[in-house]
Amino acid sequence: MAADSGSARGTERLAALADEPVDHRFKGLPPDAEGLTVGELAAERRNLFSGGFTTPLLALSAERLEHNLRLMETYAERHGLVFAPHGKTSMAPQLFWRQIEHGAWGITLAVPHQVRVARAFGVQRVFLANELVDAAALAWVAAQLAADPGFRFVCYVDSVRGVELMDAALRGVSSRPVDVVVELAAGEAARTGVRTEAECGVVADAVAGVETLRLVGVAGYEGEVPDADPERVRAWLRRLTALAVDFDKAGRFAGGLDEIVVSAGGSAWFDAVADVFAELPELSLPALKLLRSGAYVSHDDGHYREVTPFVRVPEEGALQPAFRLWAQVVSRPSAEQAFANAGKRDAAYDLDLPVVQVVRGEKGEGGERPADGISVASLSDQHAWIRTAEGAELQVGDWVGMGLSHPCTSFDKWQLIPVVEQDGTVVDYVRTYF
């Protein structure tokens with residue numbers, strides 16, 4: 001396989017998404033579109049509210065999506081960061097490639113299945129933010145590396161046992177070593193990672209003792225810092241950069257490297273990452289300062305709206321929530337209560353409940369009006385329990401447009417998501433692979 005054949009194959013598969021038939025698998029699409037392909041339906045440029053779409057229906061704003069992609073591209077460039085957004089947020093190859101087109105170095109992923117999706121669509125650089133010890137998955141990675149000289153793969157190691165398992169799985173099947181970064185834990189009560197710098201050295205020594213792995217840097221996730229605040233997060237990030245410096249001085253980065261990877265960055269503290277990574281002293285090789293924030297692509301109307309660093313640094317710009325979930329009022333049993341036909345099967349609810357933002361008349365007609373006095377009290381599997389204040393204007397048949405909290409558990413409930421322009425015109429459909 002030629003070095004660029006992965007990208008060529010990915011381009012072909014992206015194009016082939018338009019040939020997928022529209023059918024019962026995809027929630028919310030117009031029933032009369034059955035028999036069309038996704039590309040044919042997109043070419044019709046139907047209106048989201050008058051084009052036969054059914055509720056519940058999740059839509060992505062075309063303008064806001066583009067805004068967010070451009071904003072993070074500019075942010076990374078301004079701060080000298082290389083960007084590998086976390087693809088587990090959307091698991092949408094079309095969005096992976098839009099992120100890459102907007103300057104992303106590659107895509108971060110969490111588990112082997114996700115890497116296979118990225119590779120099926122030609123992604124050439126993958127950062128796996130986990131220690132990979134599954135023998136079958138490692139054999140597959142080794143085969144990918146052997147078949148495609150242009151494929152770059154990096155994953156965590158956080159234990160000597162992990163190194164041993166990786167080496168056992170790769171020995172005899174790997175034509176080139178797998179690149180690894182030692183993961184420094186964000187604290188004793190954190191999720192994964194090596195707990196102390198001394199233990200990090202032991203893990204690095206274990207990597208140096210095998211031929212199947214190559215140490216290329218250090219990494220971690222500042223979002224796991226206990227009782228996180230700017231001071232604590234920056235203190236941990238300085239431990240991470242100091243570890244990179246110490247490893248470099250000790251000569252641990254060898255084997256013909258072109259750069260040393262230093263990676264962190266979720267969606268809540270990337271301003272701290274930018275600040276501390278800017279302090280990194282010059283190393284013996286260029287530093288690849290790799291940021292991995294992923295939720296920015298759609299942003300949200302809840303958790304990430306509150307914690308995004310752009311709240312702290314408004315002069316850098318502002319992300320825009322790109323999701324809206326549409327549901328229809330199917331019951332209005334009292335003046336204080338209504339029920340809409342979207343529930344836990346359709347809306348993220350692990351961090352915050354959906355927020356009713358606007359109301360439209362039956363079939364979305366009559367334009368939007370503010371959802372004054374209307375809120376979601378709870379969710380059942382297929383219903384939103386809506387609380388209405390005195391005088392709230394809402395009746396059976398109305399459409400309610402809701403903002404969601406937590407992109408990662410919003411995308412995963414929808415296999416095909418309409419991308420809609422501000423006037424309601426649907427211009428594309430995003431396919432997800434969870």
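## Helices α6 and α7

Ala135, Leu138 and Ala142 of α6 touch Leu165, Met166, Ala169 and Leu170 of α7, where contact means heavy atoms within 4.5 Å. This is a predicted model, in which local features need pLDDT of at least 70, side-chain atom pairs count only at pLDDT 80 or more, and totals for chains, interfaces and linings use all residues. Residues are numbered from 1 along each chain as its sequence is written, and side-chain values use heavy atoms, with hydrogens and water left out.

The α6–α7 contact comes out as 7 nonpolar, no polar and no charged residues. (Ala, Val, Leu, Ile, Met, Phe, Trp, Tyr, Cys and Pro count as nonpolar, Asp, Glu, Lys and Arg as charged, and the others, Gly among them, as polar.) Helix α6 spans residues 135-147 and α7 residues 160-170, and their axes come within 9 Å and cross at roughly 60°. Axes here are lines fitted to C-alpha atoms, for helices over the stretch in contact, with angles from 0 to 180 degrees between N-to-C directions. That makes α6 and α7 oblique to each other; under 35 degrees would be roughly parallel, over 145 roughly antiparallel, 65 to 115 roughly perpendicular, and the rest is oblique. The crossing of α6 and α7 is right-handed, that is, the near helix is turned clockwise from the far one by less than a right angle, anticlockwise being left-handed. As for the element names, helices (H or I, at least four residues) and strands (E, at least two) are DSSP runs numbered from the N terminus.

## Helices α3 and α4

Over at α3 and α4 (residues 93-101), the packing angle is about 45°, with the axes 9 Å apart. These two helices are therefore oblique as well, and their crossing is right-handed. On the α3 side the contact uses Leu65, Glu66, Leu69 and Glu73, and on the α4 side Leu95, Arg98, Gln99 and Glu101. By class, that contact has 3 nonpolar, 1 polar and 4 charged residues.

## Pockets

The largest pocket takes up about 630 Å³. On a 1 Å grid over the protein atoms alone, a pocket is an open set of points with protein on both sides within 12 Å along at least five of seven lines, a cavity is a set where a 1.4 Å probe fits but cannot get out, and lining residues have an atom within 4 Å of a point. Grid points are joined across faces, edges and corners, and a volume is the space filled by probe spheres set on them. Of the 33 lining residues, His86, Lys88, Arg191, Tyr221 and Gly266 sit closest to the centre of the largest pocket. The lining splits into 15 nonpolar, 13 polar and 5 charged residues, and α11 gives the largest share, 3 residues.

The second largest pocket holds about 410 Å³. Its 21 lining residues include Ser61, Arg64, Arg324, Glu368 and Val420, the closest to its centre. Elements giving two or more residues are β1 (57-61), α3 (62-78), β10 (323-334) and β12 (355-360). This lining has 9 nonpolar, 4 polar and 8 charged residues.

Most residues other than glycine have a negative phi, and most peptide bonds are trans. The Thr55 to Pro56 bond is cis, with omega near 0°, and Pro56 lies in the loop between α2 (38-44) and β1. Asp227 has a positive phi, near 50°, in the loop between β7 (213-219) and α9 (230-249).
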